[in-house]
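Here is a short briefing for a reader meeting this structure for the first time. Look over the sequence and the model, then read on.

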Amino acid sequence: MSSRREPRIVVIGAGVAGITTAHHLDRAGFTDFVVLEKGSDVGGVWYWNHYPGLTCDVPSEIYQFAFAPKPDWSRIWATGPQIQQYHRDVVEQFGLADRIRLDTEVVSTVFDDVSGEWTVTTSAGDVHVADFVICATGVLHNPAYPDIDGLDTFDGPVVHTARWDDGLVTAGKRIAVLGTGSTGVQVVSALQPEAASVTHFVRSPQWILWAPMHLPAVPGVARLFRAAPAIQDALHSVLLKGAGILVDVVTKPTWRRRAVQKYAEISLRAQVGSGALRDQLTPDYEPLCKRQVLSGSYYRAINARNTEVVSSGINRVVPGGIVTEDGRTHDVDVIVLATGFRAHDYMRPMNVVGRDGVRLDDAWSDGPRAYRMTAIPGFPNLFTVLGPNSPTGSISLQHSASKTAMYIIAWLERFRSGDVDQVEVTEEATAEFNAQVAEALEPTVWNTGCNSWYQTGSGIDLWPFDRRTLDRMLAAPQEEHFVVRRSGIVEAR
Ligand code: NAP
């Protein structure tokens, strides 16, 4: 049996998943780990996204780390800048800053079959040799740029919301916004009051649940939480449990789902009076099928005099504007692309090469595929946090990240004690898990006939189970689902 040794660990990414992982590694006493982050700050999606109107549509009381409750959120639904500051504060408060290398982009991570080590290389040419690699690289990371004829010939600025230019002047401008997801709805609402005009190009309208997104925090609550943190912890637990209703609504076709869907229809009817405009904004699929949008201001913005909804498809972009299929030219000064993300490009464009020289791009040629969101056959000692099938549409991401980090740590502790050298999930266990997922996805609302970023082409990349199932699946590694190597001896399971 090997002697006790400290694993060398590289974590890639310092967003929600990376910060969670770093915290748990630190708390479990691991000393040889580094977090490599390509951005100039921590926060992941909250660092990269800073477009006007950015707000989290999950209440802050549950959109935070259970290990770092913030007593004084100023609003029920915090803004992007507040959330970004929270991530910075958590990193400082928990002494993680020294572990994180900012402006450090990983370009490749390659497994050596002989030594059993991973070689992680950055764009600056630095090399980190690791026993374990943990990819916390995010889901909504790579912006999707639309392929529209003439887009590069446009005279004015073209900006993707996920790469917003803070120097961009939008006040007094004629602005085109493409995209009607959570982002498009937020950015239209934010830009409309000061713009000369906003033309919203709506390829597929979204159902939008009305919610008072600007509601301030309950007065006095910060004082209460500071004086009695246990009350906030208890509230956090209650809300996490209560959020189970959301899982129920999206995964089971019950009256509760129908009630929420009715509310979506009422939200539209109550706020959009005109028949023609309402027709333009009425989706042809069930509410909740796409990632649900919440807003208290979009329909007000879209009813304003300086706003127009354009449903005709985009034909091409010309230097002065956008030409639609109906032959109209829409003269605009700025084009805002709220066109979403390549959500299934986990870890890419990194070159990830596993056992026997298998490239992740080839292993995943039919779409991303993992075991319980975290392990991939052919890639020993490599794990993902918030990887494929993560519950981006139902369960707290911070909770999922924590559970996954603890699951990985169970393996790391066995490495540290000399009990294992290498672990690799089996193809059989991965296939079985994916079959369970496919079956459980059938009655979900995501499978009721819409296109969305949840879809991979070969399936739906979401977690179709409840939180208890997630907790149970990640409670402890099941050794029979892995090939375990000890001191060079392979133990086939
Ligand atoms: P998204 O939901 O994927 O929406 C992209 C939009 O762009 C869709 O309306 C799509 O139309 C449209 N589009 C794409 N290509 C187009 C083209 N060539 N011409 C015209 N329209 C085009 O992206 P997102 O709004 O950035 O949101 C992604 C996810 O980020 C959300 O679902 C949510 O999970 C997260 N998010 C969360 C918050 C929050 O408050 N927590 C805020 C923003 C984003 P089709 O539908 O027709 O494809």
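Is Ile376 buried or exposed? Ile376 counts as buried, because its relative accessibility is 2% and the cut-off for buried is under 20%. Keep in mind that the model is predicted.

**Around Ile376**

- Ile376 sits in the loop between α11 (360-363) and β19.
- Leaving aside residues up to four places away in sequence, Ile376 touches Met347, Leu360, Trp364, Arg369, Ala370, Leu382, Thr384 and Val425.
- Met373 is found in the loop between α11 and β19.
- Met373 also counts as buried, at 1% relative accessibility.

**The sheet**

- An open sheet is built from 5 strands, in the order β3-β2-β1-β7-β19. Their pairing is parallel.
- β3 (100-101) and β19 (382-384) are the edge strands. Each has a single partner strand, so one side of each lacks a neighbour in the sheet.
- β1 (residues 9-12) pairs with β7 (residues 132-135) in the parallel sense, over 4 bridges.
- Within that pairing, Val11 has Ile134 in β7 as its bridge partner.

**Salt bridges**

- The count comes to 28 salt bridges.
- Lys38 and Glu105 form one of them, at 4.0 Å from N to O. Lys38 lies in the loop between β2 (33-36) and α2 (45-48), and Glu105 in the loop between β3 and β4 (106-111), so the pair ties together parts that are 67 residues apart in sequence.
- Lys38 is partly exposed, at 28% relative accessibility. Glu105 is partly exposed too, at 28%.
- Arg355 forms a salt bridge with Asp356, and the closest N and O atoms are 2.9 Å apart. Arg355 is partly exposed, with a relative accessible area of 30%, whereas Asp356 is exposed, at 56%.
- Arg359 meets Asp362 in a salt bridge of 3.8 Å, N to O. Arg359 is partly exposed at 34%, and Asp362 is partly exposed at 49%.
- Salt bridges link Arg348, Arg359, Asp361 and Asp362 in a network.

- Most residues other than glycine have a negative phi, and most peptide bonds are trans.
- The peptide bond from Arg348 to Pro349 is cis, with omega near 15°. Pro349 lies in the loop between β17 (334-337) and β18 (351-353).
- Asp103 is not a glycine, yet its phi is positive, about 50°. Asp103 lies in the loop between β3 and β4. Asp103 is exposed, with a relative accessible area of 53%.
- Met373, also a residue other than glycine, has a positive phi near 75°.

- Trp210, Tyr263 and Ile266 make a nonpolar surface patch of about 280 Å².
- Ile266 belongs to helix α8 (residues 255-271).
- Ile266 counts as partly exposed, at 41% relative accessibility.

How values were computed:
Residues numbered from 1 in each chain as written. Predicted model: local features only at pLDDT ≥ 70, side-chain atom pairs only at ≥ 80, totals over all residues. Heavy atoms only, no water. Pairing = 2+ DSSP bridges. Helix = DSSP H or I, 4+ residues; strand = E, 2+ residues; numbered from the N terminus. Patch = residues over 30% accessible without salt bridge, like charges linked within 9 Å, V, L, I, M, F, W, Y side chains within 5 Å. Areas by Shrake-Rupley, 256 points an atom, 1.4 Å probe, with all protein chains shown as cover. Salt bridge = Lys/Arg side-chain N within 4 Å of Asp/Glu carboxyl O. Buried < 20%, exposed > 50% of the residue type's maximum accessible area, 1.4 Å probe, protein only. Contact = heavy atoms within 4.5 Å.
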